[in-house]
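Open the model in your viewer and keep the selection panel at hand. The stops below say what to pick next and what is there.

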Amino acid sequence: MTATIGTESDYEALTADTVPAYIAGRPALAAHFGPARVTGVREAGDGDRNLVFVVEAAGGPGLVLKQSLPYVRTDPTWPMTPDRNGFEAGALRAHGFLAGRYVPAIYDEDPGRHVVAIEDLSDHQVWRGALNEGLRHEGAAADLGRYAARVAFGTSVFGLSAPDQKAALAASVNPQLCRITEDLVYTEPYVRHEHNRVLPANEADVAAYAGDPDVRAAVGVARLTFMTSAQALIHGDLHTGSVLVRAAEPWAPRSTKAFDAEFAFYGPAGFDVGTLWGNYVLAAGRALALGEEDHAAWVLGQAERTWQAYQREFRDLWPTRVYPRVFGDAVLRRFLGQAREDAVAVAGAEAARRVIGLAKVSDLATLPEEPRARAARGVLRAARLLLVEGLPEGAGPDAVARLFDRVGDAVAAAARG
C-alpha cells in the first residue's frame, strides 16, 4: 500500500514494503542494490522531519533512503519545504568532494519524490549517545575540526574563484531552514513562546539568563552574523547528534562521519565549530550532574582539539588559495580570529536553546528531574559566559582551552548542587 502526500505536487511516501520496487526503478541504485540483493528494509527515522529507511543487502553493505515530507512528522499542521533533501544532497556532494572521509557517500538523488540515497553507516553510533554512555572516541573532535576547515576553505573565496563561489552561494540559498535556526536558536529562547519548555526549578535561571541585557545584545549580534555572513557552505546543524562514530576494530579503522546536512547553506565559517562546542557543554553538564567529573573534563577538552585541528587544516590549505596576491597571511589571521570569535557566541546560543527551547537533547532530557535541573542551571551559566565574556582581548593560541576551563568551572558550580 502506498501513501500519497497531499501537496501542490503530490508524491508518494515510501514505506518499507515499497522500498525494493523503488530501488529497482532507480538506475543509479538498481545496478548495485537490486531487489535480488535486498534482504530487509526497516524504518529507522526517529526525528521529526523525515522518513528514513535502512536497506540491508546480501553480500555487502546496504544503503539508507531518506525522504523529506512537506510538513513536520510530529505536527502535520507545521509546513516545511520538502526541497530540503535537495540542499542536503548538494551539500553532501560538495562536502564529499572536499572532505569525503568525514561524510557518508551519496548514491542517488530523486528530486521528484524528495529522496536521497546515502551510504549505510549502521556500524557507527550516534556520538551524542556515546557521550551519554561515557564513551570516549578519541580523535572524533579533531576529525570534525578538519572536516569543518576543509569545507570552509574549499567552498569560500579562498578555495573557489569568485564566479564559482557566487554560483555555489546562489544554488545553496535555504531560507526556510535558516529561518528555523534564526527562530529556535536566536529568538524564541529570549521571548515568551509556546515552544519553550523548562523545568519549574529552572524558571528563575531562565528568566535571569534570557532577561540579561548583555546576553540579549550578544545574541542579537550573533543572529546578525548568522543572517549576513555568507562565507562558506556550512553543515548548518553540526551537533553531536549529527555525527556518527565508530571505534577502531580489527576489521575496520575508527571513523567519524557528519550526516543530516539539510540545514546546509552559505553562512559563517565558525558556525559549525560553535555548534559542536555548545553540545560539548551539554554533554559536560550531564556528566557533572552525575558526578562524572573526569568525563566532563575530557568532553570540554574536545573544544580545544576541534579548534586546533580546524586552524591547522586551514593553514595547511592556505598555500592553495585562489587569490594569493590579494589574500595574504594577515587575511588568514584575521579570518581565523573572526571564526573563533563567532564560534564562541554560537556555542553559547546553542547550549542555551537546548535548555529553553523546542529541540531538547537526550544529554539532559534523560536525567532524573533534580540532576537535570542542576545540569540545566550550569549550562545556562556557561552560555552566559560564552556570549557575554567570551574570549579576552588579544587572546593567545591557548585561548580556547582556557575559556573552556572556565566553562567547566561555571557548569560544575551549579551542576554539582
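Select helix 10, residues 271-289. This helix is mostly covered, with 19 of its 19 residues buried. Buried means under 20% relative accessible area, against over 50% for exposed and partly exposed in between, with a 1.4 Å probe and protein chains only. Helices here are DSSP runs of H or I with at least four residues, strands are runs of E with at least two, and both are numbered from the N terminus.

This is a predicted model, in which local features need pLDDT of at least 70, side-chain atom pairs count only at pLDDT 80 or more, and totals for chains, interfaces and linings use all residues. Residues are numbered from 1 along each chain as its sequence is written, and side-chain values use heavy atoms, with hydrogens and water left out.

Stay on helix 10 and check its length. At 1.5 Å a residue, its 19 residues should span 27 Å, and the end C-alpha atoms are 27 Å apart, which agrees. The expected span is 1.5 Å times one less than the number of residues. Now step past the helix to G291, where phi is positive, near 80°.

Five strands form an open sheet in the order 3-4-5-9-8, with antiparallel pairing. Its edges are strand 3 (38-43) and strand 8 (106-110), each pairing on one side only. Neighbouring strands are turned by 20° against each other on average, direction ignored. Axes are lines fitted to C-alpha atoms, for helices over the stretch in contact, and angles run from 0 to 180 degrees between N-to-C directions. Two strands pair if DSSP finds at least two bridges between them.

Five bridges join strand 3 to strand 4, residues 50-57. Pick E43: its bridge partner in strand 4 is F53.

Move to strand 9, residues 115-119. Four of its five residues are buried, so the strand is largely enclosed by the rest of the structure. Five bridges link it to strand 5, residues 60-68. Here L65 stands opposite A117. Four bridges join strand 9 to strand 8, and I106 has I118 as its bridge partner. The hairpin of strands 8 and 9 has four residues between the strands; H114 takes a positive phi there, near 60°.

Last stop: D183, in helix 7 (residues 175-186). Is D183 buried or exposed? At 19% relative accessibility, D183 counts as buried. Leaving aside neighbours within four places in sequence, D183 is in contact (heavy atoms within 4.5 Å) with E188, P189 and R223.
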